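Thanks for coming. I will take a few minutes to walk through one structure, so please have a look at it before I start.

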Amino acid sequence: MSKILIIEDEQAIAELERDYLEVNGYEVTVCNDGEEGAALALEGDYNLIILDLMLPGIDGYEACRRIREQKEIPIIMVSAKKEDLDKIYGLGMGADDYMTKPFSPSELVARVKAHLARYDRLMGQKKTNNEVVEIRGLRIDKTARRAFVDGEEKILTTKEFDLLTFLAQHPNRVFSKEELFREIWDMESVGDIATVTVHIKKIREKVEPDSQKPQFIETIWGVGYRFKV
Ligand code: CA
């Protein structure tokens, strides 16, 4: 069931919106304050936000900005003044839709449905586009930039992640430290091939069951490293 957060200080309007949405099968939470509403939106797992413009606490502009910094969920902004909505539109606030009060509740429900469907499609595409490298127990999600060993997430730094991914994408090929340094660090980087050694050590500590007996990244003495398959 999709969860909707209504941030609206006019109780009668909030209740009307809630009733219509609930009748249509949505789970609805109402908040009457901008500051609290934005915090709720960020903490909760809502699928869509209906956001009034003029609110106590912070206004809808600021609430929208805060939510957008962290979340891509659809935001429908509502205001009694069409001019204000035009202004928001012009500012490119990141809201997905704008409605002028008073609007018919069925119009609101229709728009909520449309935005949720669009968002689901978008997320579905993202999921299938996720590039994943999977070798034995190691799983690297390139899109989300996350790495897992036997289902357990391993937190890698940016360069550790890039280095591990590069090696895993070229299994069984031996790379010299110079090659790896050139590949992962740009020319302007401060550092030398010792940086590669340090990063390999860190990666092993994080992803290898026994970093003394590496199963993934093998040292080829005098040459460099390779990802074993
Ligand atoms: Ca208001």
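**The calcium site and its surroundings**

At 45% relative accessibility, Met 54 counts as partly exposed, where buried means under 20% relative accessible area, exposed over 50% and partly exposed in between, with a 1.4 Å probe and protein chains only. Before going on: this is a predicted model, in which local features need pLDDT of at least 70 and side-chain atom pairs count only at pLDDT 80 or more, while totals for chains, interfaces and linings use all residues. Residues are numbered from 1 along each chain as its sequence is written, and side-chain values use heavy atoms, with hydrogens and water left out.

Which residues coordinate the calcium ion? They are Asp 9 and Asp 52, each through OD, and Met 54 through O, at 2.1 to 2.3 Å. Donors here are N, O and S atoms within 2.8 Å of the metal, or 3.2 Å for Na, K and Ca; water is not among the atoms, so sites may look incomplete. Along the sequence, the spacing of the donor residues reads D-x42-D-x1-M. Asp 52 has 3% relative accessibility and therefore counts as buried.

Now the strands. Helices (H or I, at least four residues) and strands (E, at least two) are DSSP runs, numbered from the N terminus. Strand 1 covers residues 3-7, and four of its five residues are buried, so the rest of the structure largely encloses it. Two strands pair if DSSP finds at least two bridges between them. Strand 1 pairs with strand 2, residues 27-31, in the parallel sense over five bridges. Strand 1 also runs parallel to strand 3, residues 48-52, and four bridges join them. Ile 7 has Cys 31 as its bridge partner in strand 2, and it stands opposite Leu 51 in strand 3.

Strand 1, helix 1 (residues 11-23) and strand 2 form a right-handed β-α-β unit. Right-handed means that, with the strands pointing away from the viewer, the path from the first strand over the helix to the second runs clockwise.

Back to Leu 51, in strand 3. Is it buried or exposed? Its relative accessibility is 0%, so Leu 51 counts as buried. Contact means heavy atoms within 4.5 Å. Leaving aside neighbours within four places in sequence, the contacts of Leu 51 include Ile 7, Gly 60, Ile 76 and Val 78. Ile 6 and Leu 51 are 45 residues apart in sequence, with 6.2 Å from C-alpha to C-alpha.

His 115 has its place in helix 5, residues 105-129. At 11% relative accessibility, His 115 counts as buried. With neighbours within four places in sequence left aside, His 115 is in contact with Leu 48, Pro 74, Ile 76, Asp 96 and Asp 97.

Last, the aromatic rings. Rings of Phe, Tyr and Trp (its six-membered ring) pair if their centres lie within 6.5 Å; planes under 30 degrees apart count as stacked, over 60 as edge-to-face and the rest as tilted. How many aromatic pairs are there by this rule? The count comes to three. In one of them, Phe 181 and Trp 185, the ring centres are 5.4 Å apart and the planes are at 10 degrees, so the pair is stacked. Phe 181 and Trp 185 are both buried. The rings of Phe 216 and Phe 227 have centres 5.9 Å apart and planes at 25 degrees, so this pair is stacked too. Phe 216 and Phe 227 are also buried.
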